[in-house]
Amino acid sequence: MKGYIVFDWHEFITTPIYQFFDPLDEKRIAMKVITGYKFDNEYYKFTNAYGDLFSFSISKCGAEIGSIKHVELIEKFGKDVRLDKIYYINIWNGTGMDTIYKESFIIKNAFKDTIPEEIANKIDMLVCDYSRGIYYCNDCGKRITKKEIGGRYFAGKYCKDCWIGKTGTYKGKGGWQKLEKEETYE
Ligand SMILES: [Zn+2]
């Protein structure tokens, strides 16, 4: 059996970032002992306005100074970026099968600051759209309905154009469809 820890939407957006690390880990370990259920990082969830569950992870940056990641972060946040102030957030649907959002952001004071408002608003929009059957192509970002999904590759959903290779960043002939066909999932 598995267990998970659920934040309601209000808790999710008002919890200081710090709470998502050691205190949450302590809760998870205590719950494991009490219930005997398997608790893992992937079992942190929140609910949206529709009452649907979504999985999330928030992690510290961990990039080394001078690494490729560091160079990317300088491009995004400027040359004085402090790696220890950067966090990543990932959002999946409840089962973790669909990637909904990932972003990096800066937190000045992890003991006080919550998920930045513009990121919380973006997540709110995306997860409410998800509940209403509106998705976003994981390549070009176009809004698509269930009928307009060309195909899936790991946790990504792609519009028909990116899937067959007309648009998007995957340059292989045939687009994501070709990549998926060659994938052994090993
Ligand atoms: Zn697309």
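Among contacts in the chain between residues at least 6 apart in sequence, 50% join residues at least 24 apart; two residues are in contact here if their C-beta atoms, placed from the backbone, lie within 7 Å. What you are looking at is a predicted model, where local features need pLDDT of at least 70, side-chain atom pairs count only at pLDDT 80 or more, and totals for chains, interfaces and linings use all residues. Residues are numbered from 1 along each chain as its sequence is written.

Let us begin with the overall layout. The C-alpha trace spans about 50 × 45 × 35 Å along its principal axes. The chain holds six helices and nine strands, where helices (H or I, at least four residues) and strands (E, at least two) are DSSP runs, numbered from the N terminus. Of its 186 residues, 18% are buried. A residue is called buried if 20 or more other C-beta atoms lie within 10 Å of its own, exposed if 12 or fewer, and partly exposed in between, with the C-beta atoms placed from the backbone.

The chain is assigned two domains, domain 1 (5-132) and domain 2 (135-186), with bounds that come from an automatic or database domain assignment. Their C-alpha centres lie 25 Å apart. Five residues from domain 1 and five residues from domain 2 make the contact. On the domain 1 side, three of these residues are nonpolar, one is polar and one is charged. In this count Ala, Val, Leu, Ile, Met, Phe, Trp, Tyr, Cys and Pro are nonpolar, Asp, Glu, Lys and Arg are charged, and the others, Gly among them, are polar.

Next, find the open sheet of five strands, ordered β1-β2-β3-β4-β5 with mixed pairing. Two strands pair if DSSP finds at least two bridges between them. At the edges are β1 (5-7) and β5 (99-106), each pairing on one side only. From one strand to the next, the twist averages 30 degrees, using axes that are lines fitted to C-alpha atoms (for helices over the stretch in contact) and angles that run from 0 to 180 degrees between N-to-C directions. Within the sheet, β3 and β4 run antiparallel and are joined by seven bridges; Ser57 stands opposite Asn90 in β4.

Gly78 follows α3 and has a positive phi, near 100 degrees.

Another pairing to look for is that of β8 (residues 149-153) with β9, antiparallel over four bridges. Arg152 has Lys157 in β9 as its bridge partner, and Gly151 stands opposite Tyr158 in β9. The hairpin of β8 and β9 has two residues between the strands, and in it Phe154 takes a positive phi near 50 degrees.

Finally, which residues have the most contacts inside the largest nonpolar core? They are Phe54, Phe56, Ile91, Val127, Tyr158, Cys159 and Cys162, in a core of 25 residues. A nonpolar core is a set of buried Ala, Val, Leu, Ile, Met, Phe, Trp, Tyr and Cys residues joined through C-beta atoms within 7 Å. Elements that each supply at least two of its residues include β3 (53-60), β4 (86-93), α4 (117-131) and β9 (156-159). The largest share, four residues, comes from β4. Domain 1 and domain 2 each give this core at least three residues. Leaving aside residues up to four places away in sequence, Cys162 touches several others, among them Cys137, Cys140, Tyr170 and Trp176.
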